[in-house]
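Here is a short report on one model. Keep the sequence and the 3D view open as you read.

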Amino acid sequence: LAEAVALIKANAASSKFDETIEIAMNLGVDPRHADQMVRGVVAMPNGTGKTMRVAVFAKDAKADEAKAAGADMVGAEELAEAIQGGESGFDRVIATPDMMGVVGRLGKVLGPRGLMPNPKLGTVTADVAAAVKAAKAGEVQYRAEKAGVVHA
């Protein structure tokens, strides 16, 4: 890994475009076992360069907080109906714990796309303003695939 980083730094200044580095690591774990699942979030210091569109499931004061923090879509049952109807104008879904009953019904839509809110990833939280700001700032989620490989 150290040799790869040194090689990248030596050749980085010669290109005329924004460069990307991708890493694929075989961890040798079996993600079918819950205790071997590798999943988490990393906050990038300078963001990712992409604009994240965030949908927030919240009611009343929490909905106002999310809107003030910069969420693109905010709602409760009406947002759930829009997503069931095919709405997909978002990259991250954040929910308050009291709204998980509504979000749980969207599992078949959000699950396969990897958008289902999860407390371990910080997307199920009472502090929606901080979660929205973190998502917009360039937080990156990672997880091990079926073969135990993490792509980053």
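## A threonine before a helix

T125 sits in the loop between α5 (107-110) and α6 (128-137). Helices here are DSSP runs of H or I with at least four residues, strands are runs of E with at least two, and both are numbered from the N terminus. The side chain of T125 reaches the backbone nitrogen of D127 at 3.1 Å. Setting aside neighbours within four places in sequence, T125 is in contact (heavy atoms within 4.5 Å) with I94, A95, T96, P97 and A131.

This is a predicted model: local features need pLDDT of at least 70, side-chain atom pairs count only at pLDDT 80 or more, and totals for chains, interfaces and linings use all residues. Residues are numbered from 1 along each chain as its sequence is written, and side-chain values use heavy atoms, with hydrogens and water left out.

Which residues of α6 are buried? They are V128, A129, A131, V132 and A135. Buried means under 20% relative accessible area, exposed over 50%, and partly exposed in between, using a 1.4 Å probe and protein chains only.

Why are these residues on the same side of α6? They cover an arc of only 165 degrees around the axis, taken from the directions from the helix axis to the C-beta atoms.

The face turned away from the buried side of α6 carries exposed K133 and A137. The cover over the buried residues includes β3 (54-57), α2 (60-69), β5 (92-95) and β6 (139-143).

## After the helix

G138 follows α6. The phi of G138 is positive, near 115 degrees.

Definitions and conventions: A polar contact is a pair of N or O atoms within 3.5 Å; within protein, one must be able to donate a hydrogen and the other to accept it, and residues adjacent in sequence count only if both atoms are side-chain atoms.
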